[in-house]
Amino acid sequence: MEGAKEPDRLDELLGRFVDGGYSAEGAAVEGIDLGDAGHGGHHEHGGHGGHGEPSVREVRYRGHEIRIATHYEVTIDGETWTGPIQVMPDGSVVSHHLPQYVVPSALDLVRAVIDQSYEAPEEIQAVFRAGSDGGEG
Amino acid sequence: MAVVRRDVLASPDAQTFLDGVLELSRRGTGVTPTQLNGTEIVQRAPGARVFGPAGELDKPLSWWDLLAWWHFAAMSWPAGVGNRAHRGSIFLPWHRQYLRRLEEAIQTVSGKAGFALPYWNWAQDGTPSNATLLGSPLWSVLGNPRGVVNTGPVGQLRVRLLNSSADGRLYVGPPRPIWRDAGRGADGLPARADETWTLADGLYDGTPWNEGADSFRNKLEGFQDPREGARRPAPWMHNRIHMWVGGEMAPGTSPNDPLFWLNHCNVDRIWEGWMTRRGRTYLPPANQGPAGQRANDPLFSIVWPSLKASEVLDATESGLDWYRYDALPG
């Protein structure tokens, strides 16, 4: 398969994207404004354990209000790991850093983080090192 | 003209898919990470900022990289619950739009207007052992399931973006192969029974509209066990595929792996099966529910025009005329 010699549909779409200042289609949604996302990267809503905040579960049971706030302090090889941990209603945990993972405990989650980053193949770890050692953004 | 999506192990389009992926990975966009970092998108979704050495930030991304960034930006952009593509009702419509754009892109670069994305029918064989799954003929098409992928056409694929699960950041580096870690994160894939239980839920979605909802959408996304009263190890359905394959499929840059698209095509097929049985309905409606998840909220898009959830419910000849499936579950 050879690249297109003449401008094609993709070139046309890309041209519009660039000429339009890289604007997002469907960016404006009523009820979502800059304030929703303007205070950091991987935001978790509603006390979901992001940015060092506790993960909060609030439920009603037989007329009583239950609130459980869970705070984790995680270190890996002595270094603090600040990834968000959200506790699900059944006690299992999820994290935006591994967005599809649902595991029984924070320990299982941190093991998965180690598997998928610290113990990743050298080609992968090199990208992390280059980016975090003097990398810009 | 609606094309027909088929099982990747029987699809005449499988080779065109792989060729198209490689072509998109070689075809530059002229758009650099530095330019993306200066956009309103990153202003609104700061987690989508790309980090890396200056030399890499100023090199244009490929089309394949740009598709991965689109996904990452969507999941970095909070909605009323979840984000603009996950953990909420919008999960299925957003990915339907996303998959269709890849299908159209491959139709363009291949010159084959009849090209249809293949799907990975992962519930086909029930829940065989990991050893059986690792010996599946799928890997002869998609490349090795463990380690750096260096076999088959996917062994030639090179990507530059990577979301770190260690610090959550999105990094750019020189072109590199993808990797997988299949079978480490979970034992077995969803079974036919899981699919049947998921399809049995007649409610598309409901309060609280997120990963705690008791609904078809949440069961298919994989935050809720589809087998009521018979809890199995989490996660389930769509989420379990990501976790089972691992490696490139684990973080927010999972579209780097062509397998991402085959998984989501199967997820879309299950949704299509549900709508064929239940009607082409969507919840929450336009005037209720969390922002970004409602029927008439626009689906976040770059490069391509944006549609609404209510506009993508019928992809067949009677609607958008995009595609249909050769077979539906249920």
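What is the mean pLDDT of chain A, and what share of its residues reach 70 or more? In this predicted model, chain A has a mean pLDDT of 82, and 80% of its residues reach 70 or more. Over residues 34-46 of chain A, pLDDT stays under 50; for this segment the model has 36 contacts beyond four places in sequence. Where pLDDT is low, the predicted coordinates should not be read in detail.

The largest nonpolar core comprises 108 residues, of which Phe17(B), Trp69(B) and Phe300(B) touch the most other members. Helix H12 of chain B, residues 258-278, gives the most to this core, with ten residues. A second, separate core has 16 residues, among them Ala106(A), Leu109(A), Val113(A) and Ala250(B). In soluble globular proteins, nonpolar side chains tend to be buried together.

Over all chains, a search of the whole structure finds 32 salt bridges. Side chains of opposite charge can pair when their charged atoms come close. One of these salt bridges joins the side chains of Glu56(B) and Lys59(B), at 3.2 Å from N to O. Glu56(B) counts as buried because its relative accessibility, 9%, is under 20%. Lys59(B), by contrast, is partly exposed, with a relative accessible area of 41%.

A salt bridge with an N to O distance of 2.8 Å is formed between the side chains of Asp268(B) and Arg96(B). This pair links distant parts of the chain, since Asp268(B) lies in helix H12 of chain B and Arg96(B) in helix H6 (residues 91-110) of chain B, 172 residues apart. Asp268(B) and Arg96(B) are both buried.

Arg217(B) is paired with Asp205(B) in a further salt bridge, in which the closest N and O atoms are 2.9 Å apart. Arg217(B) lies in helix H10 (residues 216-221) of chain B, whereas Asp205(B) is in the loop between helix H9 (192-199) and H10, so the pair ties together parts that are twelve residues apart in sequence. Both partners are buried: the relative accessible area is 0% for Arg217(B) and 1% for Asp205(B).

Salt bridges that share partners also form one network, which joins Arg5(B), Arg96(B), Arg100(B), Arg101(B), Glu103(B), Glu104(B), Asp268(B), Glu272(B), Arg280(B) and Asp314(B).

Technical notes. Residues numbered from 1 in each chain as written. Chains lettered and ligands numbered in written order. Heavy atoms only, no water. pLDDT = per-residue confidence, 0-100. Contact = heavy atoms within 4.5 Å. Core = buried A, V, L, I, M, F, W, Y, C linked by side-chain atoms within 4.5 Å. Buried < 20%, exposed > 50% of the residue type's maximum accessible area, 1.4 Å probe, protein only. Helix = DSSP H or I, 4+ residues; strand = E, 2+ residues; numbered from the N terminus. Salt bridge = Lys/Arg side-chain N within 4 Å of Asp/Glu carboxyl O.
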